[in-house]
Amino acid sequence: MGAAVRVPATVRRIVSLVPSLTESVAATLPGALVGATDWCSHPPGLDVTRVRGTKNPDLDAIRRLRPDVVLANAEENREPDIAALREAGLAVWVTRIETLDGAFASLERMFRHACRTGRPGWLERAERVWRAPAPPPGGHRPATGPRRTAVVPIWRRPWMVVGRDTFTGDVLARLGVDNLYAGHAERYPRVPLPELVGRSPDLVVLPDEPYAFSAADGPECFPGLRCVLVSGRDLTWYGPSLVAARARLESALAR
């Protein structure tokens, strides 16, 4: 984000306010993680102090943990909370991730400068996995067929979809699926259901987070359209899950 961050030369205590970054640090420096949000569900059984949510963190609890650095994200965390932690004298490292390549570069920078450690092996493996060409519809070989279009709802009541400049949209684009709202002025626009249906996408991609779409909740709203249920973690998390996410997404999109 362009802000100067005074990170200690040695980092032993880390608080993460972002589920993806929590999983990334836990897989790389498990002993350093001392605090995380209630939404940080991976790795399962993570035993650290919980500091409430990404949008309403317990700032006093974070200060009491005496972290060397707090990890945040420009999309997931609120600027007033970041500013309050900085005013309390804490080093807050903020990521801004809108593409896969951006995620890889940001994670490497975060580990090197904010966590004071080397490049994790899982990051190298994830980059290799996502370097391969996209498969064609229904296949797992280099793409030769036509690309497909999709709408990607993330909420209902009201309906909201993935719009411009998102990590999710870039992930799908790498898999040969183009987001019909990639050119929208907003990143997560509200769109009436009749408009979504009227766009006649090849696919309606329904992740299970942030809204928990399921076979019984979501597909019934898109009669005549092909709905694909996917893991929200595979589609939206940037971290160790990227190593296996591509194969799982390709499998789901090919059904």
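**Pockets in a predicted model**

Mentor: This is a predicted model, and in it strand 5 gives the second largest pocket the largest share of its lining, four residues.

Trainee: Which residues does strand 5 span, and which helix also supplies at least two residues of that lining?

Mentor: Strand 5 covers 92-95, and the helix is helix 4, 100-114.

Trainee: Which residues line the second largest pocket?

Mentor: The lining consists of Met1, Gly2, Ala3, Val5, Arg86, Val92, Trp93, Val94, Thr95, Arg96, Ser106 and Arg109.

Trainee: How does the lining of the second largest pocket split by class?

Mentor: Six residues are nonpolar, three are polar and three are charged.

Trainee: And what volume does the second largest pocket have?

Mentor: About 210 Å³.

Trainee: Switching to the largest pocket, what is the volume there?

Mentor: The largest pocket comes to about 910 Å³. Its lining has 29 residues.

Trainee: Which of those are closest to the centre of the largest pocket?

Mentor: Glu75, Glu76, Glu209, Pro210 and Thr236.

Trainee: Which helices each supply at least two residues of the lining of the largest pocket?

Mentor: Helix 1 (19-28), helix 6 (167-174) and helix 8 (232-236) each do.

Trainee: Where does the largest share come from?

Mentor: From helix 8, with three residues of the lining of the largest pocket.

Trainee: Last one: how many nonpolar, polar and charged residues are in the lining of the largest pocket?

Mentor: The lining of the largest pocket has 14 nonpolar residues, along with nine polar and six charged ones.

Methods: Residues are numbered from 1 along each chain as its sequence is written. This is a predicted model: local features need pLDDT of at least 70, side-chain atom pairs count only at pLDDT 80 or more; totals for chains, interfaces and linings use all residues. Side-chain values use heavy atoms; hydrogens and water are left out. On a 1 Å grid over the protein atoms alone, a cavity is a set of points where a 1.4 Å probe fits but cannot get out, and a pocket is an open set with protein on both sides within 12 Å along at least five of seven lines; lining residues have an atom within 4 Å of a point. Grid points are joined across faces, edges and corners, and a volume is the space filled by probe spheres set on the points. Ala, Val, Leu, Ile, Met, Phe, Trp, Tyr, Cys and Pro count as nonpolar, Asp, Glu, Lys and Arg as charged, and the others, Gly among them, as polar.
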